[in-house]
Each structure stands twice: as structure tokens, then as C-alpha cells.
Amino acid sequence: MKKMIIRGGRPLYGEIKISGFKNAALPLLYASVLAADVSVIGNVPRILDVFRTLEILESMGAIARFVDGNTVLCDTRFVRPCSSPDGLVRKLRASAYLLGAELARFGKTRAAIPGGCSIGRRPLDLHLAAFRTLGAEVRESEDAIGATAPSGLHGGEIVFGKVSVGATVNAILAAVGARGETILRGVAREPHITDLCDYLTACGAAISGVGSDCLRIRGGLPLHGATYALMPDMIEAGTFLCACGAAGGEICLRGAKAEHLSLLCTTLREMGMEIRCAPQQICASRPGPLAPFSLVAEPYPGFPTDMHPQFAALATGIPGCSRIRETVFPDRFRYVGELRRLGATIEARDGEVMINGGSSLHPGCVFATDLRAGAAEVIAALSIPGETVIRDAEILERGYDALPGKLRALGVPVIAEF
Ligand code: UD1
């Protein structure tokens with residue numbers, strides 16, 4: 001999708017289904033390499049990062065493909081280690097999970113340095129330190145990472161000084177393949193980490209402490225494939241809740257889980273939105289004007305960094321000063337200049353963004369500089385009467401399943417140009 005043209009300024013009405021979570025799908029697909037067997041994974045979103053991951057796995061000898069709407073079959077029996085295609089691996093961040101998965105199963109790995117959204121520094125030092133603790137020898141060059149554990153990985157104690165989702169995933173994958181017990185302290189507690197642990201447990205792994213910041217893994221057990229359905233995308237759901245806040249109206253998000261979004265829903269309620277939660281559904285409306293807010297983006301259960309740009313876009317329409325302090329990716333502000341092009345009074349300094357909202361935005365042309373920046377621009381565009389053009393919109397396809405179609409289902413005229 002080269003560009004998305006949104007005719008905004010009208011309230012959203014209707015119901016859509018929330019897709020499976022990108023950040024759960026990608027680790028799980030790489031985790032399927034751990035068992036030389038067949039896994040069937042349900043509720044997989046049809047997004048670019050998933051298609052790229054399937055292509056990476058297939059080029060390594062797996063059969064990894066959609067067998068119906070949202071179900072992926074992964075047959076990883078014939079995967080060849082150290083054979084991932086550099087070009088594709090460089091296109092996404094989650095390909096870093098190949099390192100942990102290959103080390104666990106084959107005792108060796110090699111992959112190009114992964115890419116992903118440019119939202120600031122994204123080093124891999126914590127991932128590699130975890131591998132070293134479990135007995136791997138790691139080699140880093142300018143463009144690739146290799147690691148070997150000729151006599152296999154062994155258990156150990158890994159203490160993370162900083163919470164990292166990616167390093168937690170890689171350490172879990174490696175620990176499941178390491179002989180003996182591994183204790184992981186200071187791990188990320190995001191719901192998709194729980195999803196990964198639940199899938200691996202279904203494959204025969206022994207993991208305790210799931211959901212807490214300390215995991216114990218008895219590694220080296222024989223693994224088999226499993227059938228598993230992914231959690232719904234809490235960031236997609238959050239993005240649509242912000243869209244409703246910005247444009248008004250009343251929407252229902254089928255399949256969304258309120259327990260993953262409790263802080264977000266509380267914040268939106270405090271701002272003046274009506275949010276009604278049922279077991280498999282969240283409905284939202286904006287009965288009147290919203291109040292400005294102050295937030296800190298931090299690791300789960302804190303406010304998610306992946307929702308920060310969308311809330312900043314929502315704040316542009318709220319009279320008064322709103323603030324968001326970003327502690328996870330302190331340079332995640334490329335969207336700020338784009339919102340300014342639409343007339344927003346917004347400034348980022350020292351890891352904090354300040355928005356003086358309420359002066360009307362005007363239509364214009366912006367660039368989707370990264371996935372959630374693009375989402376923020378969509379939210380702003382929905383609040384603006386007239387046509388706003390979002391260029392480089394392909395990046396939205398990396399993480400939002402059928403976004404133009406879902407917006408149309410809520411009554412928004414959208415043109416997607418490919
Ligand atoms: C993942 C998500 C991303 C989300 C982020 C935080 C995927 C594909 N991406 O990214 O959408 O925004 O979690 O919720 O799931 N860090 C280090 N050294 C490391 C690893 C990380 O210093 O080895 C730092 C990073 O620079 C960052 C912080 O730790 O400042 C958090 O990063 P991390 O949680 O690892 O994010 P990702 O796994 O890259």
C-alpha cells in the first residue's frame with residue numbers, strides 16, 4: 001500500500017473483529033522451530049511481518065503457510081540451521097528470535113542483524129548475554145550474528161538489568177533447549193510472553209512463574225508440535241479505541257480482551273470516554289469532550305510504548321496540555337513532525353512529548369515513518385474534515401490486518417493505493 005487517503009471528520013459507528021497479536025504471532029512462529037514437528041497456530045493476523053516470517057521459515061526448509069483464513073501450519077522437521085535469508089531477516093526485528101530458536105534446537109545459529117521499525121536504539125546485548133550465560137559462544141560482525149554451543153546449552157541464572165521483551169523471548173527459547181534448570185529474573189511480563197510460554201508448555205516444555213517477572217524453565221525435555229490459538233491484538237484494539245476518541249461515535253471491538261488493556265481503558269475513562277467491557281468484547285463511545293492527560297510509557301503492566309504515538313494523536317484534539325513521558329524507547333518521536341504538518345501544536349524534548357491540543361487540525365500529506373507513527377497519523381486523519389494522505393503506508397501493513405477494510409466497516413471513506 002503506497003498511500004492511504006482518509007476522508008475524516010465523521011464519527012465511527014459499527015463493529016469490527018480484532019485480529020491476532022503481531023507481537024505474539026512472530027515469537028510463536030519462530031518458537032515452532034524448537035520441536036522438529038508440526039504445529040497448527042490459530043488466529044494468526046494476515047500482516048506483512050507474518051508473511052515475511054513464513055517466507056523466512058520456508059526458505060530454511062520448513063513448511064510454514066496459511067491453511068485457511070487465519071490458521072498457519074508449521075512443519076519444522078526439515079529446517080536447515082544457519083540458512084536464513086539475510087535480505088528478509090533484515091526487514092524485521094522479530095527475526096532475532098531465530099537466534100534463540102536455532103541455538104536451542106541445533107546448538108548453532110547464524111543470522112543477519114535484524115531490522116524493524118526505526119524507533120531509536122535497538123541493541124541485542126541482553127539477548128547475547130543470555131545466550132552466553134547458557135554456554136553459547138557468540139560472534140558478532142558488522143552485519144551478522146553467529147553463536148555455537150558445540151556440547152549443547154546448559155541451564156543457568158539470567159538476571160536482566162533492564163526489561164526487554166525481545167531478550168526475554170530469546171532467553172526463553174534458548175532455556176527451553178538448554179539441559180537443566182534456568183532461572184530468568186527481571187523478565188518482561190507482557191501478555192504475549194505468557195502466550196509464548198503457554199504455547200511452549202503445550203509443546204512439552206516445563207515453565208513455571210508464567211506471568212511474573214521470574215521464570216523457571218526445566219530445559220532439554222523432548223518437544224512436540226501443538227495446536228494453539230494466539231491472543232487478540234491489544235495494540236490494534238487500543239488503536240481503534242483512540243480512533244473512536246478522536247473521531248467520536250460508538251464502536252464495538254469483537255474478540256478484544258479487556259484484561260490486557262485495563263490501564264488503557266482506565267485512562268480513556270478518566271479522559272471522559274465510555275468503555276464497556278464484556279468477556280470477548282470492548283465497546284467504546286465518546287459522549288462529550290475529553291480531558292487532557294499525563295502518561296508514562298513503560299514495560300507492562302505499565303502504559304504500552306506501542307500506544308504512545310496514538311495517544312499523542314488523540315491529545316491533539318483535546319483542549320489543554322497533555323504529556324507523555326517515554327521510558328522504553330526515549331527517541332520514539334518521529335511522528336511528532338508529521339502531526340505538526342497537520343497543524344498540531346506538539347513538541348518532544350528530553351524523552352517527553354507535550355501536546356497543546358484543541359486547535360483544529362487541517363488535512364494534509366504525511367509520511368508513515370514507523371508502524372505506530374502511521375497509526376497515530378491515521379487517528380489524526382480521522383478527526384480532520386477533508387482528505388488526508390498518508391504516504392509510505394506499506395508500513396501499516398506490517399502490523400495492522402486489513403486496516404482500510406476495518407475503517408470502512410466503521411463508516412470511514414478510505415482509499416488504499418497500491
Ligand atoms: C518489542 C516489540 C515492540 C515493542 C517493544 C516494547 C516485537 C517484534 N516488537 O520490541 O513492538 O515496542 O517490544 O514493548 O515484539 N534493549 C537493550 N538491549 C537489548 C534489548 C533491548 O538495551 O538487548 C533496550 C531497547 O533499546 C529499549 C528497551 O530495551 O530501550 C526495550 O526494548 P525491547 O523490549 O527489547 O523491545 P523489542 O523486543 O525490540
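Let's start with a right-handed β-α-β unit built from strand E21 (residues 365-367), helix H12 (residues 371-383) and strand E22. Right-handed here says that, with the strands pointing away from the viewer, the path from the first strand over the helix to the second runs clockwise. Helices (H or I, at least four residues) and strands (E, at least two) are DSSP runs, numbered from the N terminus. The model is predicted, so local features need pLDDT of at least 70 and side-chain atom pairs count only at pLDDT 80 or more, while totals for chains, interfaces and linings use all residues. Residues are numbered from 1 along each chain as its sequence is written, and side-chain values use heavy atoms, with hydrogens and water left out.

E21 and E22 pair in the parallel sense over three bridges (pairing takes at least two DSSP bridges between the strands). Cysteine 365 has valine 389 of E22 as its bridge partner. E22 (residues 386-391) is also joined to E1 (residues 3-8), antiparallel, by six bridges, and methionine 4 stands opposite isoleucine 390 there.

The space it takes is the largest pocket. Among the elements that give two or more residues to the shell around the ligand are helix H1 (22-31) and helix H6 (165-177), but H5 gives the most, with three residues.

A nitrogen atom of the ligand is 2.7 Å from an N or O atom in the side chain of aspartate 125.

Conventions: A polar contact is a pair of N or O atoms within 3.5 Å; within protein, one must be able to donate a hydrogen and the other to accept it, and residues adjacent in sequence count only if both atoms are side-chain atoms. On a 1 Å grid over the protein atoms alone, a cavity is a set of points where a 1.4 Å probe fits but cannot get out, and a pocket is an open set with protein on both sides within 12 Å along at least five of seven lines; lining residues have an atom within 4 Å of a point. A molecule sits in a cavity or pocket if more than half of its atoms lie within 2 Å of its grid points.
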